[in-house]
Every structure is written in C-alpha cells, then in structure tokens.
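Hi everyone, thanks for making time for this one.

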Amino acid sequence: MTATVSFTIDSPLGPRTATVAHERKGAGEPLLLLHGIGHHLRAWQPVTDILAADHEVIAVDLPGFGDSEPLPPGVPYDLATITAALGALCAALGVERPHVAGNSLGGLLALEMGRTGLARSVTALSPAGFWTESERRYAFGALRAMRAGARALPLPVLERLSRSGPGRAALTGTIYARPARRAPEAVVAETLALRRATGFERTLAAGGSVRFTDDVPGLPVTIAWGTLDRLLLRRQGVRAKHTVPGARLVRLPGCGHVPMNDDPALVARVILDTARAAAGHRS
C-alpha cells in the first residue's frame, strides 16, 4: 500500500518541507528502490516480491513523479539536492544507510548516495551521467518525444493501444526490450505517470550538465547494463567502470533500458548479490 512521508530539506531559501510517496514490503536489511525520469515506483513491481523475501523493500516515487508532490518552489532538482532529500527521507522512515538500487536517473542517484555515505551497497541499472554530449542529447530527445506522445494521447486511445503487443511496443519500446510482456494496465499507468510528472522538465534541465566523475569507494557497487538498451547505449557502462574501477560491471542479456520487466529474475539476483557482498565489506 502506498503511503506518504514528509521531511525537511535544505534549499537556497532555507528549510522546506517535501512529501514523498513510497511503498514498504518485506523484512530484513532495508533496500531502497529508485526509478528513472518520468517513471514511478511501480516500475519495480516485477522484482519487488523476489527482493522482499530477503529485505525490507522501500520503493519510492521521486519528488515530482508518480504520487509524490513536486519539490517546493525555489528548491532545485539538481543531483546534490535530490540526494540530500533522499537522505532526509531515509531518516524520516527510520532507515540508516540502506542498500540502494536505482535505474537510469535512479541509478545516478544511487551512485551519489553511495559516494556520499548514504548507502551500504549500490546497484545501478543503466545509470545516467556516463554519456557523451551527443549521447545525452539523443537520450533527452527520446525522453521528450515519449513525454509529448504521452501527453497527446487521449485516454481511450492509450487504453486501446495497451491491449495489443504492437501497441505496447509503440508506447514503451524505447525503454523495454520486451514491451509485449508488460501488462496492459501497467503500460497505461506508467504512460499516465509520464504525462503527469510535474518534475520532468526541471529534472531534465538540471541533468543537462550532469556527469558522474567520482569513484564510489568502500562499499559494493554493481553497474548493470541491458544489451538492448536503446536509450543509454551499453558502451556507457565501460565508461562507468573506468569511473568506478571497483565496481562489478554486469551485462543483462536481452534487456532494455528498464530491465526489471525484461528479466525480473536476473535483475533481482544482481541486486541481491550486491547487497550480500556488503557483509564481506563490514567484516
């Protein structure tokens, strides 16, 4: 069941209150799940039950996405602010240094949480921030096209498209390698989430200058890339490995940019293996 939590974040205008939607499931060491731009916490549904067998899973709608409120006026959507907000969120939830898994934007945030001491392990699935300028422009253009399409489609047309494999491919083929596997109701929900994402433009604008250039030492890090990622091409994973040399770089065969739906068992295993490795780092 989705719940909300409010917490205080610092901003250029002083302390402000943010409110975020989240779902908690399972028991064990906490595992925070962070989605990509324009998506919502339900992107993790294919793997949540598997992960919850070993962890208390906390899936979050990032500020301005899904059911979460946008950040207060004057609060930027830059990497430092959102990362600090996630730290404040964890404190409000009574969670200290969770394992963190993120996809795309969420992967970038997961790495930054690891770099700043807010995570005990990091799994980054096709993380943003390892692009060249031309690759960034391509990805942002594709995201803007998806957003425009989501905003243009009347709901009856969207629902009709979602009921066929080719229709689901037209709606979500940019992010899934196997879009026909996605449930029709999930496709409708995520398209509406993209349409209504109040933080989309400000997040994209803040991401224009983002490059992840620092190591993430002292904790297990896995960077995983789908071999069929059409949004952030898999060669970016090699750059990520050079930037974070201690990371494990994993190929996800047959997976697209959002791999949780394409191969749930593989993605869950990668996340769980990374979390288990943290025990060795503590010993």
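Okay, let's start with helix 2, residues 79–92. Helix 2 lies across strand 1, strand 2, strand 3 and strand 4, and relative to strand 1 it runs at about 120°. Before I go further, please keep in mind that this is a predicted model.

Helix 1 does something along those lines too. That's residues 45–52, and helix 1 lies across strand 2 (16–25), strand 3 (29–34) and strand 4 (55–60). Its angle to strand 4 is about 155°.

So what are these helices lying across? In which order do the eight strands come? Going across, you read 1-2-4-3-5-6-7-8, in an open sheet with mixed pairing. At the edges you'll find strand 1 (3–9) and strand 8 (248–252), each with pairing on one side only. From one strand to the next, the twist averages 25°.

Let me stop at strand 1 for a moment, where threonine 8 sits. Threonine 8 touches Pro15, Arg16 and Ala88, if you don't count residues up to four places away in sequence.

Strand 7, residues 221–226, pairs with strand 8 in the parallel sense, over five bridges. If you want a landmark there, look for tryptophan 225, which stands opposite arginine 251 in strand 8.

Next up is strand 6, residues 121–125. Why do we call strand 6 largely enclosed by the rest of the structure? Because five of its five residues are buried. In a regular strand, the side chains alternate between the two faces of the sheet. Here both faces of strand 6 are covered: you have Ser121, Thr123 and Leu125 buried on one side, and Val122 and Ala124 buried on the other. Strand 6 pairs with strand 5 (residues 99–103) in the parallel sense, again over five bridges. Within that pairing, glycine 102 stands opposite alanine 124.

Serine 104 is in the loop between strand 5 and helix 3, and serine 126 is in the loop between strand 6 and helix 4. Serine 104 has a positive phi of about 60°, although it is not a glycine. Serine 126 has a positive phi as well, about 45°, and it is not a glycine either. Buried or exposed, then, for serine 104? Serine 104 counts as buried, because its relative accessibility is 8% and the cut-off for buried is under 20%. Serine 126, at 1% relative accessibility, counts as buried too.

Let's contrast that with glutamate 69, which you'll find in the loop between strand 4 and helix 2. Glutamate 69 has 45% relative accessibility, so it counts as partly exposed. Leaving aside neighbours within four places in sequence, glutamate 69 is in contact with Thr19, Pro63 and Gly64. As for valine 210, that's 141 residues from glutamate 69 in sequence and 23 Å away in space, C-alpha to C-alpha.

How many cavities of 30 Å³ or more does the structure hold? One. About 300 Å³ of space lies in the largest cavity. There are 24 residues lining it, and the closest to its centre are Ile37, Leu105, Leu108, Thr203 and Gly207. Helix 2, helix 3 (105–115), helix 4 and helix 8 (200–207) each supply at least two of the lining residues, with the largest share, four residues, coming from helix 8. By class, that lining has 20 nonpolar, three polar and one charged residues.

Then there's the largest pocket, with a volume of about 290 Å³. It is lined by 23 residues, and Met146, Leu171, Ile175, Glu190 and Leu194 are the closest to its centre. The elements giving two or more residues to this lining are helix 4 (133–152), helix 6 (165–172) and helix 7 (184–196). Which helix gives the most? That would be helix 4, with five residues. By class, the pocket lining has 13 nonpolar, nine polar and one charged residues.

That's the tour, so over to you for questions.

Technical notes:
Residues are numbered from 1 along each chain as its sequence is written. This is a predicted model: local features need pLDDT of at least 70, side-chain atom pairs count only at pLDDT 80 or more; totals for chains, interfaces and linings use all residues. Side-chain values use heavy atoms; hydrogens and water are left out. On a 1 Å grid over the protein atoms alone, a cavity is a set of points where a 1.4 Å probe fits but cannot get out, and a pocket is an open set with protein on both sides within 12 Å along at least five of seven lines; lining residues have an atom within 4 Å of a point. Grid points are joined across faces, edges and corners, and a volume is the space filled by probe spheres set on the points. Ala, Val, Leu, Ile, Met, Phe, Trp, Tyr, Cys and Pro count as nonpolar, Asp, Glu, Lys and Arg as charged, and the others, Gly among them, as polar. Two strands pair if DSSP finds at least two bridges between them. Axes are lines fitted to C-alpha atoms, for helices over the stretch in contact, and angles run from 0 to 180 degrees between N-to-C directions. Contact means heavy atoms within 4.5 Å. Buried means under 20% relative accessible area, exposed over 50%, partly exposed in between (1.4 Å probe, protein chains only).
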